[in-house]
Structures are given as C-alpha cells and as structure tokens.
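Please open the structure in your viewer and keep the selection panel at hand. The stops below are meant to be followed in order.

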Amino acid sequence: FARLMKLIPHSLAAAMLAGVLLQLSLKAFSNLEGHVLLCGSMLAAWLVAKAVAPRYAIVATLLVGGFVAWRWRCHE
C-alpha cells in the first residue's frame, strides 16, 4: 500500500479527498431547508463554544442539538 501511495501524485490524492469531502458536506447541509432552527442553534452553539472552550465545541453542539430536537419533538 505504501508503494502504491508513493506512485499517486499528491495533487491527485488531494483532489480525490476534496471530492469525497465535498459530497459529504453538501449532504450534511441538504437538510437545512426543513430544520433551520435545529441547524442554526447547533451552528451558534459551535461558534460560541469554539470561542469560549474550543476543546468542548463538539460536545456543546451535540448537547444543544439534542435539546432542541427533544423540545421540538415534545411540542409536536
């Protein structure tokens, strides 16, 4: 595997990785249309936590997203 990786140019490997990450990113944001409150609150929580306590930004995002989803589900 190491020999094969040495044969592939770095620019080609980077382009392939970018293509995969782009697809994953676009799929993640495709659900934003119907869930603006959930996605917006999670984005805000991540931005605030990243500024205040970067180590716990993902945990804060998960907790806020879970809380908003739970509250949203309770009101339906």
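**A walk along the helices**

Begin by selecting A49, whose place is in helix α3, where helices (H or I, at least four residues) and strands (E, at least two) are DSSP runs numbered from the N terminus. The model is a predicted one, in which local features need pLDDT of at least 70 and side-chain atom pairs count only at pLDDT 80 or more, while totals for chains, interfaces and linings use all residues. Residues are numbered from 1 along each chain as its sequence is written, and side-chain values use heavy atoms, with hydrogens and water left out.

With a relative accessible area of 11%, A49 is buried (buried means under 20% relative accessible area, exposed over 50%, partly exposed in between, with a 1.4 Å probe and protein chains only). Show next what surrounds A49: leaving aside its neighbours within four places in sequence, A49 is in contact with P54, Y56, A57 and A60, contact meaning heavy atoms within 4.5 Å.

Now select the whole of α3 (residues 36-52) together with α4 (residues 57-74), whose axes come within 8 Å and cross at roughly 155°; the axes are lines fitted to C-alpha atoms, for helices over the stretch in contact, and angles run from 0 to 180 degrees between N-to-C directions. The two helices α3 and α4 are therefore roughly antiparallel to each other, since angles under 35 degrees count as roughly parallel, over 145 as roughly antiparallel, 65 to 115 as roughly perpendicular and the rest as oblique.

To see the contact itself, display the side chains of α3 that meet α4, among them L38, M42, A45 and W46, and those on the α4 side, including I58, V64, V68 and W72. The residues of this contact of α3 with α4 divide into 13 nonpolar, 3 polar and 1 charged (Ala, Val, Leu, Ile, Met, Phe, Trp, Tyr, Cys and Pro count as nonpolar, Asp, Glu, Lys and Arg as charged, and the others, Gly among them, as polar).

Which residues does S41 touch, once its neighbours within four places in sequence are left aside? S41, found in helix α3, is in contact with V64 and V68, and is buried, with a relative accessible area of 17%.

Move on to helix α2 (residues 10-29), whose end C-alpha atoms are 28 Å apart, and colour it by accessibility: the count of buried residues among its 20 residues is 0.

Finish at R3 in helix α1 (residues 2-7), which is exposed, with a relative accessible area of 74%, and which lies 47 Å from V36, C-alpha to C-alpha.

How values were computed: The expected span of a helix is 1.5 Å times one less than its number of residues.
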